[in-house]
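Have a look at the sequence and the model, and keep them beside you as you read.

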Amino acid sequence: MSQTVQAAVPSRRDVFARAWPIVLANISVPVLGLVDTAVIGHLGEVAALGAIALGTLLFNFVFWAFGFLRMGTTGFVARADGAGAGAEVQAVLARALWLAGGLGLALLLLQWPIIELSLWLLGGSPATEALARDYAYARIWGAPASLALFALMGTLVGLGRSDKLLQLQLLLNGLNLLLNVLLAMGLGWGVFGIGVGTALAEWLTVVCGLWLLHQLLGGAGQAWRWRWRSLGGWSSMRPMLLANVDILIRTLALLACFAWFTHQGALFGDTVLAANHILLQLISFAAFFLDGFAFAAEGWVGRAVGARQRQLFDAVLWRTSELALWTALALALLAWFWGDWAVSLLTNLPSVQAQASQQLLAVSAYILLSVAAFQLDGVFIGAGWTRAMRWASLLSAAAFGVCWSLLQPWGNAGLWWAFVLYVLCRALALWLWLPGLRREIAVVSSP
């Protein structure tokens, strides 16, 4: 890897080239879930479909809580790479893998209370719960690998290798599909086979990812430091742990706001709850695209901070945000003009369609305004200013509560516009810290 600290200012083509593989990688994840559902759906058991739904929800929630492993690793890797510290890039990856391994082992040791409590909270018929239990106790053995993949993917984003990130994601999805079909249908293992296949796919992908990063970071002749003491022990791990705690708090605050939004919608009845759920799927679809530009910003901002290049920082902030804004505008217009058609694809219930149609303007506004929060999240992750992200999330969550209390008389419409104001407050709160971040980046003259 290069030891040059002076990095070229990215063009719009460079930004797009780095963003589109991430978009494809993001989209491939729900597609795989549909394939898993189709595999089980052809086995003729209604309880099996319910079991997959419960089991997938359980692991999505558990693993999403550990998403800080991806985001925290990205910032440290990008800054070390920008400073030309190749050995530190390797050390960051090793520390992240140690942390992922420790957390994964904890999940294995605590699998019984985690799975049993989760299934009790989620509910389901006895037959569905029994099959979900088979799936969960099989898939949990892939937990260390799943968390290690966060670290590997965070490293690739930090290095700006979104092409390799896409390859790794497609490999994971391909292996998962192949093994699930083989075990669930070929060997007749059913839901249990889906869990085993997913765990095996994660472990095989980790092995391939380690080999890939070994090649990217030096190859066969490169000496690697993996021993805990050679990495500096707890003193060197402390900054990563503190950053990850900040990101975890930010993520939990974000999750709490979405949960609160769903809960308040449910109080208006099943029709509103169903309509809001469908509209959130449109927002999630838009997030696949906006995440691509935010991920691109993470890597370049980290390099700019590590290399102490304010000019690069300013250029990255402008170029990535410019393309992200145009993309958000296009997605918002699609939601406004073709939102009714999209809703009709997801439900044929007239009452739900009518309720969803009433909130399409708010959904479009949310998609357009959310781009600022996405981009600034990417900037602060890359720069390592995780404390600002934590406080911005907590402040915006409080603002959401205030906005909802003021707009509550307007019912579900008031709830949606409070949600729009919430994402705007997230961006504004981060924007307040942006000048301080920029001032801390020393200007380095070109050689």
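Is Arg 70 buried or exposed? In this predicted model, Arg 70 has a relative accessibility of 10%. Buried means under 20% relative accessible area, so Arg 70 counts as buried. You can find Arg 70 in helix H3, which covers residues 68-82. And what does Arg 70 touch, once residues up to four places away in sequence are set aside? Its partners are Phe 150, Met 153, Gly 154, Val 157, Phe 295 and Glu 298.

Now let's turn to the nonpolar cores. The largest one has 95 residues, and the members that touch the most others are Phe 313, Phe 380 and Trp 416. Pick out Phe 313: leaving aside neighbours within four places in sequence, Phe 313 is in contact with Val 301, Ala 304, Val 379, Leu 434, Leu 437, Arg 438 and Ile 441. Apart from this core lies another, made of 30 residues, including Ala 80, Ala 148, Val 206 and Leu 212.

Which helix gives the largest share of the patch? That is helix H12, spanning residues 310-346, with 10 residues. Leu 361, by contrast, sits in helix H14, residues 360-383. Its relative accessible area is 45%, so Leu 361 is described as partly exposed, a label for values between buried and exposed.

Conventions: Residues numbered from 1 in each chain as written. Predicted model: local features only at pLDDT ≥ 70, side-chain atom pairs only at ≥ 80, totals over all residues. Heavy atoms only, no water. Helix = DSSP H or I, 4+ residues; strand = E, 2+ residues; numbered from the N terminus. Buried < 20%, exposed > 50% of the residue type's maximum accessible area, 1.4 Å probe, protein only. Contact = heavy atoms within 4.5 Å. Core = buried A, V, L, I, M, F, W, Y, C linked by side-chain atoms within 4.5 Å.
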